[in-house]
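I opened my notebook to look up a few local features of this protein. My entries follow in the order I made them.

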Amino acid sequence: MSPSRRPDLPEASAQPYSRSRPLPPYRGIVAVDAKDFTGYPAIEHGEISRAIPQLLQTSFERAGIAEVWAERRFPGSTGDGYVFGFDPAKMPFVIHPWLSTLQEVLTEFHVHSTGAVRIRLRVSLHIGPLPDAGEEYDGNGTPRNDTHRLLDSRPVKAMLAASSANITHVAAILSDRCYQDAVVSGYTGRHPDHFFQVPATVEGKQFEQAAWLYVPAPSGNLYDRRILGDRVIEDHESGRGERGAGSRSAGRRAAPQVRIRADKGNVNNGTVYGGQSVRNVESGGVGGDYTGGDSIGSVGGDYVRGDRFGGNKAGTVHGNQGDTVHGDKREDRR
């Protein structure tokens, strides 16, 4: 022992980037969190905390992968949830059938429960290298942190909140690595089209990653792009007069126009009544007629006939999109 170091102080950890060393073993990581846990009376918190591990154990056993639970690594209760590591080779089975089985187990729990407690779970799945030597502080590292960030991210919270509490009891979010390794590779018994990509962000945290949502029993309006993380940047005034005589909905009050920006520059233009058109704001212009749905391609009741819009749509928030429309839009009006 060096005389300069006090005997009651721990050994300093190895400095990063100072030398090469083996990676820790790769682990699958599953974390669950109960929706609205703090909204329940404090007297029910203990009941929920005890019920979650029991429900997880039952679901893993029923899904035919009891060993995932029996051999779990660095397990820990979070009060309103649970987290542990497992052999990443089992990840395809955790994605399916376990997530669907967990949905079934929670449905049965709600049917047979004599109390008022309803447990709906967000689930986060990730893969990465984590210390796992059977010691007290195993399982800590960036993959573990990211798993919890994904669990707290806006899209998966919004997805569960927007669904029916009577139908949807599980909403899962997969890291991109988990999705690529286990789903796109073909090892999971679910087609990639069962999953949809979202920008995972956490309020108040510097965190943003691409991730994938999966809902075993969807319900409600889960395909509103705003739920998935897109941003509404413009709402037109409703009631600008009646539509033209050629409209299927002539005489009906005009629907509010909504423009939603997606992550990669696409702008979705449409009405709350029906059809929509999608274009990319990075293109040089928009040509051709708009098609589909009620009032698509109409501005103030006059139809656009293939003229090109000038200006940059991306910077517009209010008014008539702040751009000059070239040509006479009232020509050849039908």
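**Entry on Phe-74.** I started with Phe-74, which counts as buried because its relative accessibility is 12%. Buried means under 20% relative accessible area, exposed means over 50%, and partly exposed lies in between (1.4 Å probe, protein chains only). Phe-74 is in strand S2, residues 73–77. I noted its positive phi of about 35 degrees, although Phe-74 is not a glycine. Most residues other than glycine have a negative phi, and most peptide bonds are trans.

**Entry on the model.** This is a predicted model, where local features need pLDDT of at least 70, side-chain atom pairs count only at pLDDT 80 or more, and totals for chains, interfaces and linings use all residues. Residues are numbered from 1 along each chain as its sequence is written, and side-chain values use heavy atoms, with hydrogens and water left out. Helices (H or I, at least four residues) and strands (E, at least two) are DSSP runs, numbered from the N terminus.

**Entry on Tyr-17.** Is Tyr-17 buried or exposed? Tyr-17 counts as exposed, because its relative accessibility is 84%. Tyr-17 sits in the segment before strand S1 (26–34). Its phi is positive, about 70 degrees, and Tyr-17 is not a glycine.

**Entry on a cis bond.** I found a cis peptide bond between His-96 and Pro-97, with omega about 25 degrees. Pro-97 belongs to helix H3.

**Entry on helix H6.** Which residues of H6 are buried? In this helix, residues 176–184, they are Cys-178, Tyr-179, Ala-182 and Val-183. Down the axis of H6, the buried residues fall within an arc of 100 degrees, so they line one face of the helix. The arc is that of the directions from the helix axis to the C-beta atoms. I then checked their partners: the buried residues of H6 pack against helix H3 (91–112) and strands S4 (121–129), S5 (170–175) and S7 (208–214). Contact here means heavy atoms within 4.5 Å. Just after H6, Gly-186 has a positive phi of about 95 degrees.

**Entry on S6 and S7.** Strand S6 (residues 196–201) runs antiparallel to S7, and 6 bridges join them. Two strands pair if DSSP finds at least two bridges between them. Thr-201 has Glu-208 in S7 as its bridge partner. The hairpin has 6 residues between the strands, and Gly-204 in it takes a positive phi near 80 degrees.

**Entry on a charge.** Last, I looked at Arg-72: its charged end sits over the ring of Trp-69, 3.9 Å from the centre. This needs NZ of Lys or CZ of Arg within 6 Å of the ring centre and within 35 degrees of the ring normal.
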